[in-house]
Amino acid sequence: MEKEKFYITTAIAYTSSKPHIGNMYEIILSDAIARFKRLEGYDVLFQTGTDEHGEKIQLKAKEALLTPQEYVDSIAGEIRRLWDLMNISYDKFVRTTDEHHEKIVQHIFKKFYEQGDIYKGEYKGLYCTPCESFFTESQLVDGRCPDCGREVKEASEEAYFFKLSNYTDRLLKYYEENPDFVVPVSRKNEMINNFIKPGLQDLCVSRSSFDWGVPVDFDPKHVVYVWIDALSNYITNIGYDVDVQSEEFKKYWPADLHVVGKDIIRFHIIYWPIMLMALGLPLPKKVYGHPWLLFNNDKMSKSKGNIMYPDDLANTFGVDAIRYYCLHEVGMANDGNITYDLIIDRYNSDLANVLGNLVNRTISMANKYFGGFVNNAKVNEEVDSELIQMINNLHENVSKNIDNMEISAALESVFDVLRRSNKYIDETMPWALAKEEDKQDRLKTVLYNLLEAIRVSASLLSCFLPETSEKIFKQLNTLDKTLSFKEDSVYENMNAEVLFARIDKDKFIEENCQN
Ligand code: MSP
């Protein structure tokens, strides 16, 4: 039977500067979902990439005394290195400066123009340069950009416009018929109230005040608005063109899930669906607007000097510790917080104490009491059933949570099993059983149950902490990733190694956080 497909995308990161841990969070989150869907047997296509055009990037390149192309090449390279460092299992990496992408964007723009969705006019408005967006007075928040809070300036230019309002009714109907289209629902309601109900304004979709963009081929003084260019990546890079589409496109489109930050939900649930309707294409099944990761409850920014970078963090704490922290910390709808202090607390309490300890204690006992050979002696007691049931429910719990975009809760359900296993050690007291000759089979059963709990947990952890999961499988000396309790596994030649050495917080802070 053919596998069901699952096409998942992340937002494509601006190549204006090196991404911080907040940007990385989105990629780790999407990676966990992609890995989980693969584990469940889906044919997954996971795309990420870089958004490389626009005035801001042109200005940054100038400051760096580089051509825009040189500048974006260097940052895009750095972004890809960071994604690789963090073990992101993307299948495709798109760059909006890819020749192929640019060509198709031109075709898309022309099609819109020819079919009357786009017309030429003049734009007067309030413009936010960093966000590359025009706003009306009523959209501003305290007179500032509603997206980034910076100052806006009056600007006017000859430009092309997209008549979004032609599609309002169809868009609202789609929302109504697909109540799961936007997660969380509150973000959709916000968009309906703030942007759709007051009447969708015609969207300015070209710029002529700078030239670092995709030229409008029939009017090359203009470049295509960066959001039209950027959003198209989801289809251009899988083989869409206006008159002919690849097999890959036919197979994977519509996307099953666009993962984007809450600040860019408007572009993904208003402009993007309208573009797709204008192209006559089906709309994505789900857009998840995730919350943000804040530094000490504050937005990370260069000017505040509070940016944390993924490579610095990974070099200090390890890749999986950072993946764990981010995934655990940010909820489905609520922002998360990151500081060194919090990372160390979480590392010690969850990774070292709960996970590391369980694996280490269990394998060490198996080695000590049975020379590393454990099979199921099947001397069961009442206390085993709750643990075994939790192991058997784990896959479904993780799956339900992931489908609801509750990724932190999904990870937590694995840790619930690990915590329950530690408690099971306290309850069964293997060291006491070891002293009694007639309890050897019971002891073996206890260790067997624990090893199965670790094995199933490690299988699911492969989505969240891939490196650690592999290490655990090596220590268990098995390749069996069955997602339920097995009656007749055999464990032999296991070796216990410390997975997460505890961090001495005071010492760490003394050594690393001195002003
Ligand atoms: N280039 C656009 C996206 C175009 S998608 C067709 C963009 N780029 S970005 O580099 O500014 O942001 C990339 C992603 O990171 C966005 O989804 C954004 O919401 C997310 N985040 C930016 N700061 C973040 C945090 N502090 N925390 C979590 N996500 C954050 O927007």
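Let's start with helix H2, residues 55–63: its buried residues are Glu55, Ile57 and Ala61. Buried means under 20% relative accessible area, exposed means over 50%, and partly exposed lies in between, with a 1.4 Å probe and protein chains only. Helices (H or I, at least four residues) and strands (E, at least two) are DSSP runs, numbered from the N terminus.

A word on the model. It is predicted, so local features need pLDDT of at least 70 and side-chain atom pairs count only at pLDDT 80 or more, while totals for chains, interfaces and linings use all residues. Residues are numbered from 1 along each chain as its sequence is written, and side-chain values use heavy atoms, with hydrogens and water left out.

Back to H2. On its other side, Lys62 and Glu63 are exposed. What covers the buried residues? The cover includes strand E3, helix H3 (68–85) and strand E5 (118–128). Contact here means heavy atoms within 4.5 Å. After H2 comes Leu65, with a positive phi near 55 degrees.

Now strand E3, residues 43–51. How many of its residues are buried? 9 of the 9, so E3 is largely enclosed by the rest of the structure.

Who pairs with E3? Two strands pair if DSSP finds at least two bridges between them. Strand E1 (residues 5–10) runs parallel to E3, over 5 bridges. There, Lys5 stands opposite Asp43. Strand E2 (residues 13–14) is also parallel to E3, over 2 bridges. Ala13 has Thr50 as its bridge partner in E3. Strand E4 (residues 92–95) is joined to E3 by 4 bridges, again parallel. Gln47 faces Lys92 in E4.

Next, the nonpolar cores. A nonpolar core is a set of buried Ala, Val, Leu, Ile, Met, Phe, Trp, Tyr and Cys residues joined through side-chain atoms within 4.5 Å. The largest has 105 residues, and Ile21, Trp83, Leu355 and Phe464 touch the most other members. Which helix gives the most to this core? Helix H17 (residues 440–464), with 14 residues. Take Phe464. Leaving out residues up to four places away in sequence, its contacts include Ala32, Leu327, Val398 and Arg323. A second, separate core has 58 residues, including Phe112, Tyr160, Tyr234 and Leu276.

On to charges. Side chains of opposite charge can pair when their charged atoms come close. A salt bridge is a side-chain nitrogen of Lys or Arg within 4 Å of a carboxyl oxygen of Asp or Glu. The whole structure has 36 of these salt bridges.

Look at Arg323 and Asp31. Their side chains meet at 2.7 Å, N to O. The pair links distant parts of the chain: Arg323 is in helix H12 (residues 319–329), Asp31 is in helix H1 (residues 21–39), and they are 292 residues apart. Are they buried or exposed? Arg323 is at 0% relative accessibility, so it counts as buried. Asp31 is buried as well, at 0%.

Now Lys505 and Asp341, a salt bridge at 3.4 Å, N to O. Lys505 lies in helix H19 (residues 505–512) and Asp341 in helix H13 (residues 340–370), 164 residues apart. Lys505 is partly exposed at 23%, and Asp341 is partly exposed at 32%.

One last item. Lys120, Glu158, Asp219 and Lys221 are linked in a network of salt bridges.
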